[in-house]
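Morning, everyone. Please look at the screen, and I'll walk you through this one.

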Amino acid sequence: FKQKTAYEIPKRDWSSDVCSSDLGLGNPGREYDGTRHNVGFRVLDALAARHGVAFQPAKFNAEQGRWREADVLLVKPLTFMNLSGEAVGAACRYYKVELPDLLIVTDDVNLPLGRLRARGTGSEGGHNGLRSIAEHMGTAYSRLRVGVGRGDDRRDLADHVLARFESEERPAIDQAIVRAADAVEMWVADGLDRMMNLFNREQDN
């Protein structure tokens with residue numbers, strides 16, 4: 001069963017050895033399911049459900065699924081967050097993905113809960129997964145950040161991002177996951193500028 005996509009996705013030929021790649025960051029293992037740090041994985045799961053994509057073990061340290069109609073590779077690194085760059089670099093080399101064709105989806109404690117922010121480049125903003133990617137790939141790639149909130153400043157940040165959402169937070173993050181999947185579809189169909197113009201502006205209104 002495929003859910004209706006929010007945007008018309010152009011059909012392309014997967015036989016090409018060059019494709020786009022959408023990577024969601026997170027930590028592997030059931031103990032991390034539903035944590036703030038695994039929002040990127042949840043966005044990819046939402047996309048996979050919409051488009052009938054099944055994740056399989058990759059030849060590098062990750063799970064991957066082929067979104068064939070759009071010629072896009074969905075990738076979940078299995079290196080743990082702090083070493084995400086190893087899997088991202090391996091995926092891009094193996095599939096010959098150029099940085100302009102790479103989108104990273106990740107959590108962001110510096111954004112309010114549920115807020116989306118798309119950028120074409122930038123710093124890691126204190127995010128260890130993005131720092132690892134910068135070390136392996138540089139920073140000239142697109143990223144979609146999903147706000148998970150900072151919570152109590154007195155709480156250790158590592159404990160915060162490895163914690164699950166409170167019951168009162170779940171409706172907001174569930175909605176953000178849906179909107180983030182919509183944003184990725186727009187990136188595929190219409191490009192980064194269109195995604196930024198719509199989803200960044202939407203959050204500012």
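Before I go on, some ground rules. This is a predicted model, so local features need pLDDT of at least 70, and side-chain atom pairs count only at pLDDT 80 or more, while totals for chains, interfaces and linings use all residues. Residues are numbered from 1 along each chain as its sequence is written, and side-chain values use heavy atoms, with hydrogens and water left out. Helices (H or I, at least four residues) and strands (E, at least two) are DSSP runs, numbered from the N terminus.

Back to strand 5, residues 102-108. Strand 1, residues 20-24, pairs with strand 5 in the parallel sense, over four bridges. Two strands pair if DSSP finds at least two bridges between them. Strand 7, residues 142-147, also runs parallel to strand 5, joined by six bridges. There, Asp108 stands opposite Gly147.

Is strand 5 covered or open? Mostly covered: seven of its seven residues are buried. Buried means under 20% relative accessible area, with exposed over 50% and partly exposed in between (1.4 Å probe, protein chains only). Leu102, Ile104, Thr106 and Asp108 point one way, Leu103, Val105 and Asp107 the other, and all are buried.

Now strand 1 again. Strand 1 is joined to strand 4, residues 72-77, by four bridges, and the two run parallel. Ser20 has Val72 as its partner in strand 4.

Zoom out. Seven strands make an open sheet, in the order 2-3-4-1-5-7-6, with mixed pairing. Strand 2 (56-57) and strand 6 (116-119) are the edges, each pairing on one side only.

Next, the helices. Helix 1 (residues 39-51) and helix 5 (residues 170-190) have axes that come within 9 Å and cross at roughly 65°. Axes are lines fitted to C-alpha atoms, for helices over the stretch in contact, and angles run from 0 to 180 degrees between N-to-C directions. Among the residues making the contact are Val43 and Leu47 of helix 1 and Ile177 and Val184 of helix 5. Contact means heavy atoms within 4.5 Å.

Last stop: Ala163, in the loop between helix 4 (157-161) and helix 5. Why does Ala163 count as buried? Because its relative accessibility is 12%. Ala163 touches Thr35, Arg36 and Arg155, not counting residues up to four places away in sequence. Ala163 and Asn38 are 125 residues apart in sequence, yet 9.9 Å apart in space, C-alpha to C-alpha.
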